[in-house]
Amino acid sequence: MNASDNHNNETIISTKDLCVWYDDFQALIDVSMEIPEKSITALIGPSGCGKSTFLRTLNRMNDLIDCAKTTGNVYYRGQDIFQSSMEVSELRRHIGMVFQKPNPFPMSVYDNIAYGPRTHGIKSRAKLDDIVERSLRNAAIWEEVRDKLRQNALGLSGGQQQRLCIARALAVQPDVLLMDEPTSALDPISTTKIEELILQLKENYTIIIVTHNMQQALRISDGTAFFLLGDLIEYGSTDVIFSTPSDKRTEDYITGRFG
Amino acid sequence: MTRKKEKTVQENIRRKRVERIIHGIFLMLGLITVGCVLLITIYLVISGIPAMRTIGLKEFLFGQKWASTAAEPKFGILPFILTSIYGTAGAIVLGVPVGFFAAVYIAKIAKGKIKWLLQSAVGMLAGVPSVVYGLVGMMVLVPGIRKLFKVPDGASLLASIIVLAIMILPSIIKVSVTALESVPPEYEEASLAMGATPIETYFRVSVPSARSGIAAAVVLGVGRAIGEAMAVMMVAGNAPNMPTLFESVRFLTTAVASEMSYSSGLQRQALFSIALVLYFFIMLINAALNFFLKRGNVKQS
């Protein structure tokens with residue numbers, strides 16, 4: 001399926017007949033999807049529908065689950081991410097991730113941001129300073145933490161921690177950002193800030209976001225994909241999905257009749 | 001109606017009383033532990049002080065010669081103190097790196113059967129009685145050192161250090177593994193999601209997050225090493241020399257254990273003073289342990 005509204009943008013990630021099993025349970029069933037570059041794609045659906053599994057498969061974070069088995073293909077810029085020549089750490093550097101619960105490391109704000117670049121071999125103090133400031137600015141949190149760079153990141157508020165995590169993900173200069181319900185643990189004001197930030201990030205990054213909040217999907221996303229019991233039911237431009245869905249189940253879900 | 005109410009009130013009073021009695025019993029059982037510690041402390045202080053007074057604190061702690069049964073007895077325990085410190089330090093230097101990397105491997109890398117095998121082995125190592133460590137050391141290590149280094153007697157500080165290093169491994173590994181396993185998986189996920197490799201993640205995120213637990217593990221190892229008597233008695237040779245690596249040495253613990261059975265008078269009192277010094281070291285180590293554990297808790301909250 002294809003998000004019709006964004007056909008002017010090139011496809012950056014595509015999946016073909018993607019299936020994921022956890023032992024005997026099939027969490028994703030033949031999902032084929034094309035995600036356009038520099039856009040926001042929302043994945044919606046009731047809990048257990050496979051949307052998080054789908055997200056975590058795109059940068060192979062699902063490899064960490066021992067009982068997970070994957071078939072089908074995922075292409076990132078035309079490259080099959082499951083082929084043996086694919087370096088997983090390199091893939092994840094390009095496809096970053098922000099998690100549901102803000103998870104800054106128990107270190108200083110500065111060290112949190114510098115972690116990624118340092119891992120990838122940047123040692124120069126000046127360069128790191130530069131990356132830290134730029135990443136924090138891009139995540140719209142620089143003004144709030146510029147005087148707290150040496151303080152432990154766990155002392156920040158939940159909303160600040162989540163933006164810090166976004167900054168940390170940006171510091172390795174990814175191409176795609178996967179976000180797994182990034183605002184579900186936050187209050188409405190922090191949520192608004194993060195949503196504004198996501199809209200800004202669209203300029204330079206491709207964003208794929210899992211959300212339980214239909215309003216959020218409607219507010220920020222360009223394309224929306226609706227999952228149910230491991231099936232991709234419907235995928236199209238957000239306007240269309242939310243105004244004239246073609247599948248009855250999509251309509252039931254977005255109007256709150258189940259899920 | 002009122003009757004029923006009265007009954008409930010009485011029932012409530014009865015239940016409260018039972019609660020209070022049970023509470024009292026538990027408190028008493030708890031106080032028994034405190035009482036034991038207090039009793040030991042008081043007993044050691046009372047019986048340890050006189051000899052220090054007679055001999056003189058400086059003479060006792062810093063005297064380099066111990067000749068308790070000589071015609072003109074000397075009671076300097078510096079050799080024992082230094083042996084205990086060197087022996088423990090040596091065991092830590094040898095044991096901590098091995099234990100630390102083993103713990104990282106068990107907690108983070110090993111899977112399935114290998115993990116099970118390693119964990120069972122560590123558990124069994126913890127359960128081996130110290131006299132068995134001593135016995136194996138005596139039969140294998142002591143002759144081995146004699147042949148390898150061509151020294152007249154293998155019973156030495158080196159043999160003790162090796163035995164102690166092996167003995168402290170289980171405590172170091174177990175506590176470190178627990179600390180490493182309780183690192184929130186979200187930290188590791190975040191690191192992996194930025195393109196760090198698993199090994200980078202373990203050493204740059206997991207280990208720093210678990211550092212207070214790992215520090216506690218090391219301190220626990222120090223405590224175990226400094227308090228061990230039986231195993232070292234069997235491999236140290238027990239001559240009251242100032243410690244050198246290949247010579248027979250005597251630890252604080254073995255000094256007490258080896259002479260207690262036939263001691264009398266000032267000699268016996270001096271042995272109690274040695275125990276008091278040892279007790280003081282253990283207290284220091286416990287304080288350090290509490291410090292590290294507390295710091296870990298504060299950080300997590």
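Which element gives the largest share of the lining of the largest cavity? The legends below answer this in the third view. The model is predicted: local features need pLDDT of at least 70 and side-chain atom pairs count only at pLDDT 80 or more, while totals for chains, interfaces and linings use all residues. Residues are numbered from 1 along each chain as its sequence is written, chains are lettered from A in the order in which they are written, and side-chain values use heavy atoms, with hydrogens and water left out.

**View 1. The open sheet of chain A.** Four strands form the sheet in the order β2-β1-β4-β5, with antiparallel pairing. Strands are DSSP runs of E with at least two residues, helices are runs of H or I with at least four, and both are numbered from the N terminus; two strands pair if DSSP finds at least two bridges between them. The edge strands, β2 (25-36) and β5 (79-80) of chain A, each pair on one side only. Eight bridges join β1 (residues 11-22) of chain A to β2(A), and A:Trp21 has A:Gln26 as its bridge partner in β2(A).

**View 2. The interface of chains A and B.** Chain A gives 26 residues to the contact and chain B gives 17; contact means heavy atoms within 4.5 Å. The area buried between the two chains is about 1800 Å², with 62% from carbon and sulfur atoms. Buried area is the accessible area (1.4 Å probe) that two parts lose on being put together, summed over both. B:Ala193, B:Met194 and B:Arg204 supply 36% of the area that chain B buries against chain A.

**View 3. The largest cavity.** A cavity is a set of points on a 1 Å grid over the protein atoms alone where a 1.4 Å probe fits but cannot get out, and lining residues have an atom within 4 Å of a point. The volume of the largest cavity is about 60 Å³, a volume being the space filled by probe spheres set on the grid points, which are joined across faces, edges and corners. α6(A) gives the largest share of the lining, three residues. Among the lining residues are A:Phe99, A:Arg168, B:Ala193 and B:Met194. The lining divides into eight nonpolar, one polar and one charged; Ala, Val, Leu, Ile, Met, Phe, Trp, Tyr, Cys and Pro count as nonpolar, Asp, Glu, Lys and Arg as charged, and the others, Gly among them, as polar.

Terms used
On a 1 Å grid over the protein atoms alone, a cavity is a set of points where a 1.4 Å probe fits but cannot get out, and a pocket is an open set with protein on both sides within 12 Å along at least five of seven lines; lining residues have an atom within 4 Å of a point.
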